[in-house]
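This report sets out selected local features of the structure shown below.

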Amino acid sequence: MRVSERLKKIPPYLFAEIDRKVAEAKAQGKDVISLGIGDPDTPTLQPVVDAMHIAIDNPANHDYPPYNGTASFRKAACDWMKKRFNVELDPDAEMLCNIGSKEAIAHVFFAFVDDGDYTLVPDPGYPVYKNATIFAGGTPYSMPLLEENGFLPDLDAIPEDIAKKSKLMFLNYPNNPTGAVATKEFFKKAVDFCKKYDILLCSDMAYSEMTYDGYKAPSVLEVEGAMDVAIEFYSHSKSYNMTGWRVGFVCGNKDAVKALGTIKNNIDSGTFKAIQDAAIKAFEIDECYIENLNNMYQERRDVMEAGLRELGWNIKPSKATFYIWIPVPQGYTSEQFATKMLEEAAIVVPPGNGYGKYGEGYIRIALTKDVEVLKKCINRMKACGLKFQ
């Protein structure tokens, strides 16, 4: 059997490889602690689960859903955008329900990228940005996210000939894997750049509500002129502990939303209406539920960052996401140090180069274990001499 040439260009999916390594270590009898995948370890918020129980028993939810999402979901999503960012959206033209944001992110490349086109993607970054470009026949151009630039891309460094051939630019703030955040001033610069070169600006906001110390993440759609060139992808996965439910939305420029909707109409049949009803409840949930989640992750962040400082890492408190992005000790590659963590301390962390060339020299820690387990990780690292030097 001969697979497509494009499939041969795709590297093994990072998190599938992590799962394989965890299984190997467990088979050897190791007490493995995985800080690898960003999957919340606490249940979906109870009001959402309660709403789902009601919705799933409603026979009106048992047929095919509308391709663009139910009218009630799209209106609720628009209401949430208005409340959260003061962004006005048309639920019929500027809002689209998705089977989680990963699906929509992958599909938007098929709506805009042809053979020979370029895309501007962050590096390090969510692997789907590059891989979906390749699936669509395009060429990904890496925008380096460097620590000295606050892990923001230097838009002025993008060659003009590349910019002219580019169809999409992806930004992701709060950022996976670095945990970095962006300002409205940076978003304005990105909007102006994309207007100049007729590029669709795609903002991945999967971690919009996972913020700390009073910080609130801005939306690119708050910036003047953004609706002319930008769409934004949202997910219920992290904000409401709904990773397995697969629901989210994309909103913004109506032509881009329509184009993405056309791809989806021909590929999927939409999100189960009962899940959309439960997702509406998440939009309406009392803010204290989100605050409690963020307080939990902030405590975990504080414990892990304090432990890492004791081990020699000089890191500032992260403002968002449940990731910590740290350099590996001198003399190690990302994969070498990640392997050492697994083999000596039975701790799983993804190597930074799994997120792109410019992720080399780092590892990512996911705060998806409780405080006592994170303390155990620090103690194991101390006992094994895993320090930053």
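## Cysteines

The closest cysteine sulfur to that of Cys 194 belongs to Cys 202 and lies 8.5 Å away, too far for a bond. Cys 194 is buried, with a relative accessible area of 0%. The model is a predicted one.

For Cys 384, the closest cysteine sulfur is in Cys 377, at 11 Å, which is likewise too far for a bond. Cys 384 counts as partly exposed, at 28% relative accessibility. A disulfide requires two cysteine sulfur atoms within 2.5 Å, and by this rule the count comes to zero disulfides.

## Helix H4

Helix H4 comprises the 15 residues 71-85. Just after H4, Asn 86 adopts a positive phi of about 60°.

The buried residues of H4 are Phe 73, Arg 74, Ala 76, Ala 77, Cys 78, Trp 80, Met 81, Arg 84 and Phe 85. These buried residues pack against strands S2 (95-98), S7 (230-235) and S8 (248-252), and against helix H10 (273-284).

## Strand S11

Strand S11 (residues 362-366) is largely enclosed by the rest of the structure, because five of its five residues are buried. Tyr 362, Arg 364 and Ala 366 point one way from S11, whereas Ile 363 and Ile 365 point the other way.

S11 pairs with strand S9 (residues 323-327) in the antiparallel sense, over five bridges. Within S11, Ala 366 is the bridge partner of Tyr 323.

Definitions and conventions
Residues are numbered from 1 along each chain as its sequence is written. This is a predicted model: local features need pLDDT of at least 70, side-chain atom pairs count only at pLDDT 80 or more; totals for chains, interfaces and linings use all residues. Side-chain values use heavy atoms; hydrogens and water are left out. Helices (H or I, at least four residues) and strands (E, at least two) are DSSP runs, numbered from the N terminus. The expected span of a helix is 1.5 Å times one less than its number of residues. Buried means under 20% relative accessible area, exposed over 50%, partly exposed in between (1.4 Å probe, protein chains only). Contact means heavy atoms within 4.5 Å. Two strands pair if DSSP finds at least two bridges between them.
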